[in-house]
Amino acid sequence: MKNEFKVIADLIEKDKRVLDVGCADGTLMKFLKDNKNIDIRGLEISKDKVQKCIAKGLTVIEGNAEKDLSQFPDKSFDYVVLSQTLQAFLNPELVINELLRVGNKAIVTIPNFGYWKIRLHLLTKGTMPITKTLPDEWYNTPNLHMCTIKDFVHFVKSRNFKIFKSLALNNEDVSLINNSNLGIKNLFADLGIFLIEK
Amino acid sequence: MTFIMNTEINLKTLIVKKPLKLDCGKTINNFPIAYETYGSLNKNKDNAILIFHALTGDQFVTGLNPITNKDGWWSYAVGPDKAIDTNKYFIICSNVIGGCMGSFGPSHKDPNTQKILGTNFPVITINDMVNAQNNLLDHFGIEKLFSVVGGSMGGMQVLQFISNFPDKAKTVIPIACTSSHSAQNIAFNELGRQAITADNNWNEGNYNTKETVPNRGLAVARMAAHITYLSKKSLQEKFGRKLQEREEIKFSFDADFQIESYLRYQGSVFVDRFDANSYLYITRAMDYFDLGKQFKGNLSDAFKETEAKFFIISFTSDWLYPTQENKDIVIALNAIGADVGFVEIESDKGHDSFLLDVPNFLNSLKNFLDKSYTEN
């Protein structure tokens with residue numbers, strides 16, 4: 001299991017109720033269910049991935065986060081997880097609002113567009129950056145709204161959401177993000193992980 | 001051949017002594033429910049699955065149907081090592097009341113007059129059907145089913161069953177169905193009923209002698225309905241404008257096109273195994289189905305008493321019970337935090353997909369059942 005999922009799992013206490021939005025093949029769901037006794041649900045748009053979840057015995061709903069989150073009642077989950085998909089939505093702000101309506105807390109991870117390799121790529125080559133976390137070309141990427149760790153922190157603050165924890169991930173290294181190191185982390189982390197609440 | 005119950009073949013039948021009050025207000029008692037079982041019930045009696053059949057189905061889910069000498073209607077899904085594995089599970093399926101395969105229906109005779117009941121049979125509902133079938137659980141001494149499963153009208157019965165008996169099933173699988181029959185569905189059913197009642201042989205439902213059965217009307221009803229079970233794409237790919245055993249059109253009203261010949265065949269084989277009055281009664285029961293209405297318009301309330309695990313399945317090309325109608329059930333369940341999974345299966349085969357060899361569907365069904373069973 002990738003490091004990102006281990007970090008997410010560490011943020012969730014045992015016996016909670018969790019919705020994994022964009023749960024893909026259910027790797028994180030299965031881990032949470034087996035190791036933390038989590039009552040876990042998934043929402044996934046890809047038919048193939050839904051099949052994989054069902055094969056793992058996971059409860060998954062085929063659907064689109066931008067439309068289908070609305071069917072869940074307010075605060076019906078302890079945590080709602082959104083891993084590396086925020087940038088792919090037409091309206092990320094709406095999705096964040098929905099996550100925070102449906103869940104008491106949300107765990108959102110974003111690929112950091114401020115990562116130094118991305119900056120360097122754009123600076124030196126002058127073309128849209130392609131990295132391990134962002135492997136697609138500009139014309140076929142599902143990512144519509146890329147942002148940096150700094151952008152996301154500013155956004156969350158501007159909406160007066162509470163940030164419980166901000167973590168920077170660079171390969172295997174996990175570190176805390178705070179006000180004083182935000183600029184540095186925004187340069188050296190390729191992934192940001194945020195635990196937020198409305 | 002015309003429809004007559006073959007009394008040579010011994011149908012397994014439970015005579016229900018307990019009176020059943022129907023939604024129409026009438027009460028029936030001492031009535032038969034014809035059923036079939038597959039696999040064996042384990043010691044704990046926790047491996048039973050009740051399958052509900054669709055409009056023209058019967059209790060012969062799989063293997064050879066002794067009446068039609070054809071494969072059972074869900075042979076792709078049910079059998080040893082199949083999605084609904086008869087090596088593992090004990091399968092029960094019964095003919096719905098109103099049907100014509102041994103359960104109490106309009107082709108039964110009035111004991112006093114020895115004439116068929118015909119339209120003297122009471123109008124029944126999906127609710128009546130599941131209340132009648134619930135007697136089978138007592139018969140087998142089953143407190144809680146492992147699962148209730150059904151497609152189309154079978155799915156409606158699944159929903160009604162878990163609403164009526166919230167503690168009696170661990171898992172619930174409504175497939176390609178709806179919680180409320182749409183205007184379009186009612187319209188198609190009405191077309192079928194009009195075809196039957198317009199046949200002079202129907203004779204207000206009294207067609208006691210086998211020479212005067214409303215086969216023409218029933219065949220037309222089946223033909224119209226059959227189109228709704230397929231998709232435009234599958235019809236086009238299978239038949240297109242291909243001609244039937246001829247090089248040129250004949251400038252006549254013969255079956256020039258293969259699709260015409262195919263539909264005529266579907267109609268003609270159907271009348272051999274189905275009763276026109278049953279068709280009227282069962283389609284009516286479907287039209288009356290509106291589960292939300294039973295709960296003052298709040299569908300969620302139909303499920304609020306149950307802790308069962310739901311798995312809802314729809315098909316992309318099903319325009320009779322489209323994905324959105326299946327999704328409405330998912331939404332109602334999510335609104336009360338129920339345990340519900342949902343998948344829309346990619347298939348060109350229309351509403352009939354659930355009866356056919358659609359691997360992603362059959363795999364989903366098997367995975368859901370087997371994984372849920374191990375968690376038992």
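Two residues are in contact if their C-beta atoms, placed from the backbone, lie within 7 Å. The views below show a predicted model.

**View 1. Chain A and its overall fold.** Among contacts in chain A between residues at least 6 apart in sequence, 64% join residues at least 24 apart. Eight helices and eight strands make up the secondary structure of chain A. The radius of gyration of chain A is 16 Å, close to the 16 Å that the globule rule gives for 198 residues, so chain A is as compact as a globular protein of that length. The C-alpha trace of chain A spans about 45 × 35 × 30 Å along its principal axes. Of the 198 residues in chain A, 42% are buried.

**View 2. Chain B and its overall fold.** Chain B has eleven helices and 14 strands. Its radius of gyration is 20 Å, close to the 21 Å that the globule rule gives for 376 residues, so chain B is as compact as a globular protein of that length. Along the principal axes, the C-alpha trace of chain B covers about 65 × 55 × 40 Å. Buried residues account for 48% of the 376 residues in chain B. For chain B, 70% of the contacts between residues at least 6 apart in sequence join residues at least 24 apart.

**View 3. The two domains of chain B.** Domain 1 of chain B comprises 13–182 + 290–374, and domain 2 comprises 186–282. Their C-alpha centres are 26 Å apart. Where the domains touch, domain 1 of chain B contributes 26 residues and domain 2 of chain B contributes 18 residues. On the domain 1 side of this contact there are ten nonpolar, twelve polar and four charged residues.

**View 4. The contact between chain A and chain B.** Chain A brings 14 residues to this contact and chain B brings 19 residues. On the chain A side, α3 (47–55) and β3 (59–62) each supply at least two residues. The most comes from α3(A), with five residues. By class, the side of chain A that touches chain B has seven nonpolar, five polar and two charged residues.

**View 5. Helix α3 of chain A against helix α11 of chain B.** Helix α11 of chain B covers residues 359–374, and its axis and that of α3(A) come within 8 Å and cross at roughly 30°. Angles under 35 degrees count as roughly parallel, so α3(A) is roughly parallel to α11(B). From α3(A), the contact is made by Q51(A), I54(A) and A55(A), and from α11(B) by N360(B), N363(B), S364(B), N367(B) and F368(B). The contact of these two helices has three nonpolar, five polar and no charged residues.

View 6. Y89(B) sits in the loop between β9 (84–85) and β10 (90–94) of chain B. Leaving out residues up to four places away in sequence, Y89(B) touches G39(B), N47(B), I49(B), I84(B) and F146(B). The C-alpha atoms of Y89(B) and S40(B) are separated by 6.8 Å, and the two residues are 49 residues apart along the chain.

**View 7. I227 in helix α5 of chain B.** I227(B) belongs to helix α5 (residues 215–229) of chain B. It is partly exposed, with 16 other C-beta atoms within 10 Å. Between the C-alpha atoms of I227(B) and L333(B), 106 residues apart along the chain, the separation is 32 Å.

**View 8. Two loop residues of chain B with positive phi.** Most residues other than glycine have a negative phi. N69(B) is not a glycine, yet its phi is positive, at about 55°. N69(B) is placed in the loop between β6 (64–65) and β7 (70–71) of chain B, and with 7 C-beta neighbours inside 10 Å it counts as exposed. E245(B), also a residue other than glycine, has a positive phi near 45°. The loop that holds E245(B) runs between α6 (232–238) and α7 (258–271) of chain B. E245(B) counts as exposed, with 8 C-beta neighbours inside 10 Å.

Key:
Residues are numbered from 1 along each chain as its sequence is written. Chains are lettered from A and ligands numbered from 1 in the order in which they are written. This is a predicted model: local features need pLDDT of at least 70, side-chain atom pairs count only at pLDDT 80 or more; totals for chains, interfaces and linings use all residues. Domain bounds come from an automatic or database domain assignment. Ala, Val, Leu, Ile, Met, Phe, Trp, Tyr, Cys and Pro count as nonpolar, Asp, Glu, Lys and Arg as charged, and the others, Gly among them, as polar. Helices (H or I, at least four residues) and strands (E, at least two) are DSSP runs, numbered from the N terminus. The radius of gyration is taken over C-alpha atoms; the globule rule is 2.2 Å times the number of residues to the power 0.38. A residue is buried if 20 or more other C-beta atoms lie within 10 Å of its own, exposed if 12 or fewer, and partly exposed in between; C-beta atoms are placed from the backbone. Axes are lines fitted to C-alpha atoms, for helices over the stretch in contact, and angles run from 0 to 180 degrees between N-to-C directions. Angles under 35 degrees count as roughly parallel, over 145 as roughly antiparallel, 65 to 115 as roughly perpendicular and the rest as oblique.
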